[in-house]
Every structure is written in structure tokens, then in C-alpha cells.
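Hi there,

Here is the structure I promised to pass on.

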Amino acid sequence: MTESFVGIPTEPIGSIPRPAELLSAMAAHADGRIGDDELATAQDDAVRDTIRRLEEIGSPVVTDGEQSKPSFATYPLAGLDHLAPDGAVIPFADGHQRQLPRLTAGPLRYGVHADRYLRAARRHATVPVKQAVIAPSALSLLYPADGIDGYPREAFLDDLTAEAEADIRGCLDAGTHVVQLDFTEARLSLKLDPSGGLLEQFITLNNRVLERFSAAEQARIGVHTCPGGDQDSTHSLDVDYVALLPGLLRLKAGAFYVQLASEQEPDKVLGVLADHLPSHARVFIGVTDPIDPRVETPEQVRDRVLTAARYLPLDRLGTCDDCGFSPFADDTSTSRDTAFAKIRARIEGTSLAARELAG
């Protein structure tokens, strides 16, 4: 224990299941029964309620719960032309799939930047607000394997790099507590390409963006990794973390949010983290599993933190949820109340561990 140790930071990852009123409004908007203004009101009401509930249970950092996002991955594409529906397919272990669109023409420009969500959330919050953004590596999957006439892949990557930088910088400028890059495709890449070549491409692209920021700015940028979480299923939990983490931890970020509660061998993962964590970075370990319907007790969370503290310096340790609770807006596999109960357990269990370690 260091003399400067005063506590263990804890943060949410991002998405919270949408309330029934918002889901109804989204369906009505899709059917043309309500307009944009009515949908925006329902979204703002859901953001306000999400932040209120997070603050009431003592969350020291909050998010908007991604209430206004169609999904964690596709928000930049809202309103864009030059997209076809038959893009990259993401298969999940239970047999269901998610599919990205395919870019049909250039140039790539984001239709929405994440600072829009951040500014809306900060109007309702009294504590720091973090903002999740999609990693550029995920959006690189929009470009088709057979190319686009008149828009070579290198031009696409130049545009993607610039847009991803603007997405992050806009949030930093708008006063976010931290920007979190969602990099769920990292582990999936090793399933698609066990050689590691695709993962290396993803890391290179993400660092191409991160290198555009100063060291002080990088300290306010984190990277989240998980094996996916949608409709109570994952896409890459069977991929060994040991093959991923050394490369992941080469990203030029100040924090890493690492799914761990659902891992079968957490001690092995913690050993790898201890061996490869950069000297400047903090690691937030997942202590609640959004896919498990059972709500963890604060004592279970405490014990997971105490285990991590055997491997990691206390001044570089934090806690989080394994992943978002509803990364796609239509995912209702976890109830809103269950999500908040798990978050409460994370907050209380982290506090229990901090008190024990400080004593």
C-alpha cells in the first residue's frame, strides 16, 4: 500500500437498458407516428432519469447510459447516405447476429459526433460525466474487401483517422471526465484471424488516432475491451485473453477497462495485466457481469477487488462493469432495475475493498 492511496475509482462502462417509454417512442418514430422533436424529448427524459438514478446510488462518475444512441457502434452513421445494409457480420455464441452497414462511396464523414451526447448529459449531471466513443478500428470494417471505385482504402483510412480524432477531441473540449474507446472487436479479431494480423491492424489504426493527442490528453482517454455482450450472449469469450492483452496494452491510452467478472481464470488474466500494464496507465477491472442475471453482492465485488489488489498496485487499480448493459438500443435482455442494482453492488463493493485495503 502506498501513502497516497485514498480509494479505488469506479466507473460505469456505458449503456443502460432504455426505459419502456423511450422504447415505445423509438418504435413510434420508426413508424412515423411521432416526429423528431417528440423522440428527442423522450430521449432527454431517459438521459435525465439515468443520471439521476446513477447519482442517487452514489456513482462518482456517470454516463448518459447511451439512451440516445441507436447502438454503441453505429451512432456516427446516423443520417449518412452511401451505406448498404450488407456489411460485416458479427456472430454471437447463441446463434444471433449483428450486421454493420457497408460503405458504398466516399468520403467518410461522421453524421454525429459523440460530444452531442456529452453536452446533453452534462446539463443533468452534478458529478463528472464520461463519454464512450466507438474505436476507429470498428468503423474500419465499413470498407468493403473489394474496394470502392474512386475511393481507395488509404483515402478511407485517412478520413476515418481524422473523424475519429474529431470525435475524441470534441469530447475532451466539452469537458468530459474521460473518453472511453469501445474496442470490443479486439478479442473478436483473434477469432476471425488467429494469427493476430487483424488485431495488429486494429491496434495500429487506433494508435494512429491516439498519437494525435498529447500525453496529457492521452491520460484522459481509456480503452474498453470485452468479448461482446448482446442479448445475454458474447461473440468471443472463448478467445484466450493471454493472446489479446499484451497487444491491447500497447495502445497509447491512460486507462484500460477490462472485462473480468465473467472470466473463468481471473488470476491468469491479472498476472498478464500485471506484466504488461504500462507504467503510466490505470486498469479498471470488471467486477459485475451484465450477462449474468444474478445481482452480485457487495461482498462478492469486494473479494474480486481484493484478488486484483494482489497483482496490481493500488494506485493503478479501478473497477467497472464488464461491459455495457444494452449496447444495442433494442437489447432488453437485462432489465433497467437489474442494471442499476449491479451498479450499486459495484460501487458499494469497491468501497468495502478500499476500506479494507486502507486499513
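I'll start with histidine 235, whose side chain makes a polar contact with the side chain of serine 236, at 2.9 Å. By polar contact I mean a pair of N or O atoms within 3.5 Å; within protein, one must be able to donate a hydrogen and the other to accept it, and residues adjacent in sequence count only if both atoms are side-chain atoms.

Before going further, some ground rules: this is a predicted model, in which local features need pLDDT of at least 70 and side-chain atom pairs count only at pLDDT 80 or more, while totals for chains, interfaces and linings use all residues. Residues are numbered from 1 along each chain as its sequence is written, and side-chain values use heavy atoms, with hydrogens and water left out.

**Overall fold**

The protein chain has 12 helices and 11 strands; these are DSSP runs numbered from the N terminus, with helices being H or I of at least four residues and strands E of at least two. Its radius of gyration is 19 Å, close to the 21 Å that the globule rule gives for 359 residues, so the chain is as compact as a globular protein of that length. (The radius is taken over C-alpha atoms, and the rule is 2.2 Å times the number of residues to the power 0.38.) Along the principal axes, the C-alpha trace spans about 65 × 45 × 40 Å.

Of the 359 residues, 57% count as buried. Buried means under 20% relative accessible area, exposed over 50%, and partly exposed in between, with a 1.4 Å probe and protein chains only. Contact means heavy atoms within 4.5 Å; among contacts with a separation of 6 or more, 79% come from residues 24 or more positions apart.

**Around histidine 235 and helix 9**

Histidine 235 sits in the loop between strand 8 (221-225) and helix 9 (241-248), and is buried at a relative accessible area of 4%. Leaving aside neighbours within four places in sequence, its contacts include Ile90, Phe92, Leu188, Lys191 and Cys226.

At the start of helix 9, a side-chain oxygen of aspartate 240 reaches to within 3.0 Å of the backbone nitrogen of valine 242. Within that helix, Tyr241, Leu244, Leu245, Gly247 and Leu248 are buried. Their cover includes helix 6 (185-192), helix 7 (197-210), strand 8, strand 9 (255-258) and helix 10 (266-276). Arginine 187 lies over the face of tyrosine 241, at 4.1 Å from the ring centre. For this I required NZ of Lys or CZ of Arg within 6 Å of the ring centre and within 35 degrees of the ring normal.

**Cysteines**

With a disulfide taken as a pair of cysteine sulfur atoms within 2.5 Å, the count comes to zero. Cysteine 226 is in no disulfide, and the nearest cysteine sulfur, that of cysteine 323, is 4.3 Å away, too far for a bond. Cysteine 226 is buried at 4% relative accessible area, and cysteine 323 is buried at 6%.

**Aspartate 321**

Which side chains does the side chain of aspartate 321 meet in polar contacts? One is that of threonine 288, at 2.6 Å, and another is that of arginine 346, at 2.8 Å. Aspartate 321 lies in strand 11 (residues 317-321) and is buried, with a relative accessible area of 1%. Its C-alpha is separated by 5.7 Å from that of valine 287, 34 residues apart along the chain.

**Aromatic rings**

Rings of Phe, Tyr and Trp (its six-membered ring) pair if their centres lie within 6.5 Å; planes under 30 degrees apart count as stacked, over 60 as edge-to-face and the rest as tilted. The count comes to six aromatic pairs. Tyrosine 75 and tyrosine 117 form an edge-to-face pair, 5.8 Å centre to centre with 85° between the planes. This pair links distant parts of the chain, 42 residues apart, and both tyrosines are buried. Lysine 69 lies over the face of tyrosine 75, at 4.3 Å from the ring centre. Elsewhere, ring pairs link Tyr143, Tyr151 and Phe156 into a cluster.

**Backbone details**

A cis peptide bond joins glycine 106 and proline 107, with omega about 0°. Glutamate 66 has a positive phi of about 55° although it is not a glycine, and is buried at 4% relative accessibility. Histidine 82 also has a positive phi, near 60°, but is partly exposed at 44%.

Best wishes
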